[in-house]
Amino acid sequence: MKIFNFIKQDKINFFTLEEAVKFQEKKGVLVLDSSFFILLKISLSSCTDPREREFEIEDEICEYIEEYNPFDYIEKEITLSQSEEEVILVVLIEREKVEKIIESLREYKITLSGIFPLFFMEFFNKESEAKTYIEIEENRFRLYFFK
């Protein structure tokens, strides 16, 4: 899949791990299914101190991940809403998994521009229709609603 980047005036090439073997572009954004990621919806008090906010987020993550070490994960925060309390989505991926993926892509001489969760591809939906996605795994399931 190619998406035009208007800022840099070039195309962004997306590929999956399965497509890496035959990926011709040799530079692109890897799209991974959400089983690679940990997704946490966190509500934060409207504190203005950034350090206190960071502690609140880490406490919430520690409740979900035993023996959480921030150096073992790559984290991205996405603000879902801001009112009396801030609601964010924290997306985590294990650093070790990313390093293994990068190493395997080197075999195919692919330069990685980034990693993108599959469910975020809906942000490129030009139809602007509300959609629901269901992912079923062995021990859990996820529902995604895009409006």
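**Charged pairs, helices and cores**

Q: Why are Glu54 and Arg51 separated by about one helical turn, and in which helix?
A: Helices (H or I, at least four residues) and strands (E, at least two) are DSSP runs, numbered from the N terminus. An α-helix has 3.6 residues a turn, so residues three or four places apart point the same way. Glu54 and Arg51 are separated by about one turn because they lie three residues apart in helix α1 (residues 50-64).

Q: Are Glu54 and Arg51 buried, partly exposed or exposed?
A: Buried means under 20% relative accessible area and exposed over 50%, with partly exposed in between (1.4 Å probe, protein chains only). Glu54 has 44% relative accessibility and Arg51 has 43%. Glu54 and Arg51 therefore both count as partly exposed.

Q: Which residues do salt bridges that share partners join into one network?
A: Glu77 forms a salt bridge with Arg53, the closest N and O atoms being 2.9 Å apart, and this pair links Glu77 in strand β5 (residues 73-82) to Arg53 in helix α1, 24 residues apart. Glu86 and Arg53 also meet in a salt bridge (3.1 Å, N to O), and because Glu86 lies in strand β6 (residues 85-94) and Arg53 in helix α1, that pair ties together parts 33 residues apart in sequence. Through these shared partners, the network is made up of Arg53, Glu77 and Glu86.

Q: Within what arc do the buried residues of α2 fall, seen down the helix axis?
A: Helix α2 (residues 95-107) has 13 residues and reaches 19 Å from its first C-alpha to its last, close to the expected 18 Å, where the expected span is 1.5 Å times one less than the number of residues. The buried residues of α2 are Val98, Ile101 and Leu105, whereas the face turned away from the buried side carries the exposed residues Glu96, Lys100, Arg106 and Glu107. With the arc taken from the directions from the helix axis to the C-beta atoms, the buried residues line one face of α2, because they fall within 60 degrees.

Q: Which residue just after α2 takes a positive phi?
A: Most residues other than glycine have a negative phi, and most peptide bonds are trans. The residue in question has a phi near 55 degrees without being a glycine, lies in the loop between α2 and β7 (111-117), and is exposed, with a relative accessible area of 66%. Just after α2, this residue is Lys109.

Q: Which residues touch the most other members of the largest nonpolar core?
A: A nonpolar core is a set of buried Ala, Val, Leu, Ile, Met, Phe, Trp, Tyr and Cys residues joined through side-chain atoms within 4.5 Å. The largest one has 21 residues; the elements that give two or more residues to this core are β2 (10-15), β3 (27-32), β4 (37-45), β6 and α2, and β3 gives the most, with four. The members of this core that touch the most others are Phe15 and Leu105.

Q: Where is confidence highest in the protein?
A: The pLDDT is the predictor's confidence in each residue, from 0 to 100, and its mean for the protein is 82, with 82% of residues reaching 70 or more. Confidence is lowest in strand β1 (residues 2-5), at a mean of 52. Where pLDDT is low, the predicted coordinates should not be read in detail. At a mean of 92, confidence is highest in α2.

Note on methods. Residues are numbered from 1 along each chain as its sequence is written. This is a predicted model: local features need pLDDT of at least 70, side-chain atom pairs count only at pLDDT 80 or more; totals for chains, interfaces and linings use all residues. Side-chain values use heavy atoms; hydrogens and water are left out. A salt bridge is a side-chain nitrogen of Lys or Arg within 4 Å of a carboxyl oxygen of Asp or Glu.
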